[in-house]
Amino acid sequence: MNESEASKERVLWSASTPSSGPIWAGLHDQVMGGRSEGSARPQAGDGSEPDHVLFSGQISKDNGGGFASFRMRLSAPMVIGATPTVAISLRGDRGPFKLCLHRQNDWDGIQWQVDLATPGKWTTQALPLSAFVARRRGREVRERPLSPDDVLFQIGLMTTRAEPGPFRLAVASIALR
């Protein structure tokens, strides 16, 4: 990869792309008997904010619950390359939220997660690849860090809460930079 290719932003997902692309699928604590709920709804920008997807719902602690997550398979697997960061444009409330990257195409494998700051206004965060931590089913695992040779198959967003209640996270785009 030459220098100009390495410096280009490569979009993993954007709310402004046609709806014929991949969609976000919810995978909440219900898979383990919990009762949390959530949805991912496209929202058109209005000039004061960009097109985005609103991830929202209710976290319940019933039956050992406490998390909501959303995943999307990429249209085509993407090599990370010489990218030093992942950029995410978002607005959120009542975190915590995590961004997840998946080097495999299954739904139950290891994911590399990083905590997101979720201010009440639109912001773009540049997250260094070195900040992502390997986890499986919520537990940290010993796994090599993400590298330029890795291929990404899926991306995800997740929230876990100690207390039940609503959550809202608006995301406009996720890209490698």
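How many Å² does the accessible surface of the chain come to, and what share of it belongs to carbon and sulfur atoms? The accessible surface (Shrake-Rupley method, 1.4 Å probe) is about 9,200 Å², and carbon and sulfur atoms hold 51% of it.

This is a predicted model, where local features need pLDDT of at least 70, side-chain atom pairs count only at pLDDT 80 or more, and totals for chains, interfaces and linings use all residues. Residues are numbered from 1 along each chain as its sequence is written, and side-chain values use heavy atoms, with hydrogens and water left out.

Start with the whole chain as a C-alpha trace. Along its principal axes the trace spans about 50 × 45 × 30 Å. Of the 177 residues, 43% are buried, meaning under 20% relative accessible area (1.4 Å probe, protein chains only).

Next, switch to a cartoon view.

Now select the open sheet of seven strands, whose order is E2-E5-E12-E7-E8-E10-E11 with antiparallel pairing. Two strands pair if DSSP finds at least two bridges between them. Strand E2 (25-26) and strand E11 (139-140) are at the edges and have a single partner strand each, so one side of each lacks a neighbour in the sheet.

Finally, select residues 67-79 and 151-160. These are strands E5 and E12, paired in the antiparallel sense over nine bridges. Within this pair, Ala 68 stands opposite Thr 159 in E12.

Note on methods. Helices (H or I, at least four residues) and strands (E, at least two) are DSSP runs, numbered from the N terminus. Buried means under 20% relative accessible area, exposed over 50%, partly exposed in between (1.4 Å probe, protein chains only).
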